Amino acid sequence: MQEESLLTMRRIDKRFPGVLALNGVDFTLRKGEIHALMGENGAGKSTLIKVLTGVYQMDGGEIRVEGEKVSIHSPQDAQNAGISTVYQEITLCPNLTVAENMFIGRSRGAWVRQNKLEERADEILTKLGIPARSTQLLGSCSLAVQQMVAIARAVDMQCKVLILDEPTSSLDDKEVKQLFDLMRDLKKQDVGIIFVTHFLDQVYEVSDRITVLRNGELVGEYLTEELPQLQLVSKMIGKELEELSNLGDSEEEKIMQPEVFYEAEGLSSTEALPFDFSIRKGEVNGFTGLLGSGRSESVRAIFGADKVTGGTVKINGKPVKIQRPIDAMKHGIGYLAEDRKRDGIIAELSVRENIILALQVMNGMWRPISRSESESFADEYIKVLNIKTASRETPVGSLSGGNQQKVILARWLLTHPDYLILDEPTRGIDVGTKLEIQKLVLKLAEEGVSVTFISSEVEEMLRTCSRLIVMRDRHAVGELTGKDLNQTQVMKTIAGGES
Amino acid sequence: MKKNGKKAFLSGFGQLTIPLIAIALLVVFNLIRDPGFFSIGISHNNNGNPVLSGNIIGIINGASELAVLAMGMTLVTAACGGQDISVGAAAAIAGSVFVKVLKSGSAINAGTVILAFVMACIVAMLFGTFNGTLVAVFKIQPMIATLILYTCGRSIAYWINGGATPTVSSPILSGIGSFIPGVPIPTPVLIVVAMAILFKLLFHFTALGLFTQSVGINGSAARLNGINATFIKLLSFIILGVCVAVSGCIGVSRLGLINHETLLIDIEMDTILAVAIGGNSLGGGKFKLSGSIIGAYVIQMLTITLYAMKVPSTDVKAYKAIVIVLLVVIGSPVIKERFGRWISRLAERRRKVSAKGAEE
């Protein structure tokens, strides 16, 4: 290779109890290169990144930066070696201001002028086109802006290696474009960027090289232009995938009209404006729209996750009152929340306990599920959903993101819901699991379960949903069915071509 | 198969390692210091009944109030991620109510004692509800919320009996506070066992354990799974209220009087410490009741050991602090992680050696 290598990782090993997370993985990053790190859930991407940034200690191997061997035992060591990271889950402090977040832990002396920092922060924010003020509390910014502040912080640290772990999963198209412009800028300044993402299109749009991991092992390193998308996917999941294109061919069958299961009129919550909505038995519909368009808020209102402020709801034609999640659950509604970490998993409890949780709540406190019963439930769903875990008693927090998501899916499937709301079930998940979840949705629908499916990837929704509700500025602006279910039409509606 | 069993054993055991090691060390230390320390004898008490006696009995007996409180405190800690510092003051109130009801009747018989205990329970549960409401409904940090009762509790106890420290004496009370005739084991110890069994049954026949841990670990997720987090937190304080009443009544029965100023004074800190020594996170979430109970005995054994070593009572607290610092540091996540890494490295080496052996 002619390009100068910036970072080399050789034969990296990392072991967790019961799992070999990394097995002799090599990785090379060159100066001024955007290098995509790809792989399924549990392939070891996040682990490799955490080893590189000192969050985990590697069990074997060596890391060199610009040819010099470095030992990284803490995030501080990584920073000193010129390695900066923006993680998948935002790890800044929401109760500090934007400026404080950008400079926390890196001011040279104790006496730093507050307004100097703020001036400097504003300068950087303006330069990068980030819509935030330095004095604003970070927690008051949207997830997307928080993400960008995290990137601004890393950029400002004069890093040689910038790691972006799923940076785009909470950004909309415009913000993604801004980020990519920024990445290309940095590339010109000889920064090496490691880009971890699940969005294949984005990989092809911005990266120069791709390294693929599978099951903790290196599959290979490829030039992006020499590796067609389909081949990349099959390298990631280790099998050919005609299946991918076959999904959703059954569209014609969906045009039957069974009775309506759920119907809401003028439903509103503290977060959602009044809207009408109904779903038939066995129907899969979707809410789409940009981030902040109100799609999550609407489904949260259906489940009673936010305080319901008005409207009438009918289930099977009978009026019901759904004020709190437990009401919705008792009427056969399940809800997989958008933010898995915050609203989904109980991290320190075992896989088994997480799986039985919702069913136990519905049974009530006085009818506990016995140990043996809960074990057989857990084993069943670990098998059915192919959850990769050392055992059913493993704390769910130690599983990879996709497997955590499967555990939460199992939790709701166990309650045998009539209506399942899935808010971004495929976010931050590998291609293989995404496919599994989409298949599962279709299978549930066949069994007569109504499903609302929300995803940032329009393509995914087109593949699974027979009806799409398009939202903009907290209003439903269109409903697409049949022939209109295509990318262009969705984009047009989102953009406001018609309403 | 065998390996799996061992692993499950270790992981289930993990949290109890520190308190059990602490107990073991204290036992060994005492045996070396004075081989007769743990001798158990049978003596006759004032009523002429044969009863068990000896340091070990004294320790187990003396820790009773602490152990009962530690059980309730564990639940509050797990659900709310904070502690109730008013348990001592609340126990003084419960004890005062107990005595007040006993005094109001003409004679003390089994009926009046039960009535008095029930009244003490109700009052303590009401105060628990007060604390719990502040924490669960108004979302005040537990330590701040319970600071109110901590501050005023002993004044309330003072009002209940009009500022006096009345004595009560009855064979029934001495039966509760020391020995039931014919039973050589101190009654408070039996009460601790009974409470532990009650808790065990509570966790077995309800899903309270799962709900409490879910609320403590991730309140937002628990709510979205339909758990009424407010109720669970409130309930933990009410259950602690029962524990407060039980320990307050034990305390009164032991002494045969209520002194609102001194009854179970400073016990709140020992209670919190027992929970911590038991390996429970004071930030809430996963918990182990058995850990807290063992923690209570560790504290008591430490105190008695120091007294047995003729450490002046003024210095005992300082020595206790040294031991506790050691325990807490050994149980800290940093040390645990280092130790865990060391263990896995050892296992790794052994695996390599055996693999090599197999090749040859």
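Colleague: Which helix of chain B has the lowest mean pLDDT, and which the highest?

Modeller: pLDDT is the predictor's confidence in each residue, from 0 to 100. Helices here are DSSP runs of H or I with at least four residues and strands are runs of E with at least two, numbered from the N terminus. Among the elements of chain B, helix α1 (residues 2–33) has the lowest mean pLDDT, 70, and helix α3 (residues 64–80) has the highest, 97. This is a predicted model, in which local features need pLDDT of at least 70 and side-chain atom pairs count only at pLDDT 80 or more, while totals for chains, interfaces and linings use all residues. Residues are numbered from 1 along each chain as its sequence is written, and chains are lettered from A and ligands numbered from 1 in the order in which they are written.

Colleague: Where in chain B does pLDDT stay under 50?

Modeller: Over residues 1–12 of chain B. Two residues are in contact if their C-beta atoms, placed from the backbone, lie within 7 Å. For that stretch the model has 0 contacts beyond four places in sequence. Taken over the chain, the mean pLDDT of chain B is 89, and 95% of its residues reach 70 or more. The scores for the model are ipTM 0.85 and pTM 0.75.

Colleague: Which domains does the assignment give in chain B?

Modeller: Domain bounds come from an automatic or database domain assignment. For chain B that gives domain 1 (37–310) and domain 2 (313–355), with C-alpha centres 30 Å apart. In chain B, 8 residues of domain 1 are in contact with 8 residues of domain 2. On the domain 1 side, α12 (267–277) and α13 (289–308) of chain B each supply at least two residues, and the largest share, 4 residues, comes from α13(B). That side has 6 nonpolar, 2 polar and no charged residues.

Colleague: And in chain A, which domains are assigned?

Modeller: Domain 1 of chain A covers 5–244 and domain 2 covers 260–495. Their C-alpha centres lie 30 Å apart.

Colleague: In what order do the strands of the sheet with β6 and β10 of chain A stand?

Modeller: Two strands pair if DSSP finds at least two bridges between them. In chain A, 6 strands form an open sheet in the order β6-β7-β8-β3-β9-β10, with mixed pairing. Because β6 (83–86) and β10 (217–223) stand at the edges, each with a single partner strand, one side of each is left without a neighbour in the sheet. Axes are lines fitted to C-alpha atoms, for helices over the stretch in contact, and angles run from 0 to 180 degrees between N-to-C directions. The twist averages 20 degrees from one strand to the next.

Colleague: In which sense do β6(A) and β7 of chain A pair?

Modeller: β6(A) and β7 (residues 161–165) of chain A pair in the parallel sense over 4 bridges, and A:Thr85 has A:Ile163 as its bridge partner. Helix α5 (residues 143–156) of chain A lies across these strands, at about 175 degrees to β6(A). Helix α6 (residues 173–188) of chain A lies across β3 (34–39), β7 and β8 (192–196), at about 150 degrees to β8(A).

Colleague: What is the strand order in the sheet of chain A that holds β13 and β19?

Modeller: The order is β16-β17-β18-β13-β19-β20, an open sheet of 6 strands with mixed pairing. β16 (333–336) and β20 (475–481) of chain A are the edge strands, each with a single partner, so one side of each has no neighbour in the sheet. Neighbouring strands are turned by 15 degrees against each other on average, direction ignored. β13 (residues 284–288) and β19 (residues 467–472) of chain A run parallel, joined by 4 bridges, with A:Asn285 opposite A:Arg467.

Key: Ala, Val, Leu, Ile, Met, Phe, Trp, Tyr, Cys and Pro count as nonpolar, Asp, Glu, Lys and Arg as charged, and the others, Gly among them, as polar.
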